[in-house]
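Subject: The structure we talked about

Hi,

Here is the structure, as promised. Have a look at it first, then read my notes below.

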Amino acid sequence: MQAIKLRLKIFLAIFLIVMILGTIGFAMIEKKTVVEAAYFVIVTVATVGYGDIHPATQTGRVFTIFLIVVGVSTFLGVIGNFTELMLAKREIESLMKKLNMVIGVFFSEVGLQLMALFAQSDREVDRIRSDLLVSANWTEEKFKKAMNDLKKYDFNIEMDLLDLQVLKDFICDERDFLVRLLENPILLEHQSFTDLLRAVFHCMEELAYRNDVKDIPESDMNHLATDIKRAYRLLINEWLDYMKYLKANYPFLFHLAMRTNPFDRTASVTVK
């Protein structure tokens, strides 16, 4: 996508130079007005060639040959790259729809429950609760502010508040589901969500390798806390971004997501 945009900018710059030089050249060589010269350049490079204006001098004909060789190829380059850019955008939009379907399944099956478990072990979660109580009147600016506020939050997990056995049982039961998600090639187009999946999967592996998580040394507990904190931070940020996507594109899914918000103490799936 970026390569296409760069090529388009280069062709547009060359095309603009050709237009300016061509207009100046014909105005001077053929003694035409600026409007007539610009008109002749456009119909020439666009291969329209109405024939109402044509070079009358030998120098003008030579200049026209140069204009055709350089201008037409540049014009076609602009059209070709612009078309490619539009097709690429449509393809990306289609891909993002499929990707967000995958993200939605992840939060339904794993993400929401994980956020609830992590939030229960975060003594300071009330500091960011208002940034996570997404409602129907949230604007683009409100989402942006909430995301900026989250960047300043430390996402500390108090391991004494976290039931590692419950976390282990839940996340290990979802192992096959997480593996299938990681195998999905669509996820390669969404780096932040891929990072989240890897962080969650790593937490699962760390816990799965420990037969007994009820009596582990403090050093090991601190190691697990670091891994869980990473997953907690990525999880909340990705969830908020997903809520923003739902609000803009799927109001009915957004309404359900609000009613199952794990940070809203008054949330209820029952519509009242």
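This is a predicted model: local features need pLDDT of at least 70, side-chain atom pairs count only at pLDDT 80 or more; totals for chains, interfaces and linings use all residues.

The largest nonpolar core has 63 residues, and among them Phe 106 and Leu 164 touch the most other members. A nonpolar core here is a set of buried Ala, Val, Leu, Ile, Met, Phe, Trp, Tyr and Cys residues joined through side-chain atoms within 4.5 Å. "Buried" is under 20% relative accessible area, "exposed" is over 50% and "partly exposed" is in between, with a 1.4 Å probe and protein chains only. At least two residues of this core come from each of H3, H5 (140–151), H6 (164–173), H7 (175–182), H8 (191–208), H9 (218–249) and H10 (251–259). H9 gives the most, 14 residues. These helices are DSSP runs of H or I with at least four residues, numbered from the N terminus.

Leaving out residues up to four places away in sequence, Phe 106 touches Phe 177, Phe 193 and Leu 235, among others. Touching, or contact, means heavy atoms within 4.5 Å.

Residues are numbered from 1 along each chain as its sequence is written, and side-chain values use heavy atoms, with hydrogens and water left out.

Now for a helix pair. H2 (residues 34–45) packs on H3 (residues 58–120) at about 60°, with the axes 8 Å apart. That angle makes H2 oblique to H3, since angles under 35 degrees count as roughly parallel, over 145 as roughly antiparallel, 65 to 115 as roughly perpendicular and the rest as oblique. From H2, Phe 40, Val 41, Thr 44 and Val 45 take part, meeting H3 residues including Leu 67, Gly 71 and Phe 75.

- Thr 194 sits in H8 and is buried, at 9% relative accessible area. Beyond its neighbours within four places in sequence, Thr 194 is in contact with Leu 187 and Leu 188.
- Arg 7 is in H1 (residues 2–29) and is partly exposed, at 33%. Not counting residues up to four places away, Arg 7 touches Asn 81 and Glu 84. From Arg 7 to Asp 149 is 142 residues in sequence and 37 Å in space, C-alpha to C-alpha.

Cheers

Methods
Axes are lines fitted to C-alpha atoms, for helices over the stretch in contact, and angles run from 0 to 180 degrees between N-to-C directions.
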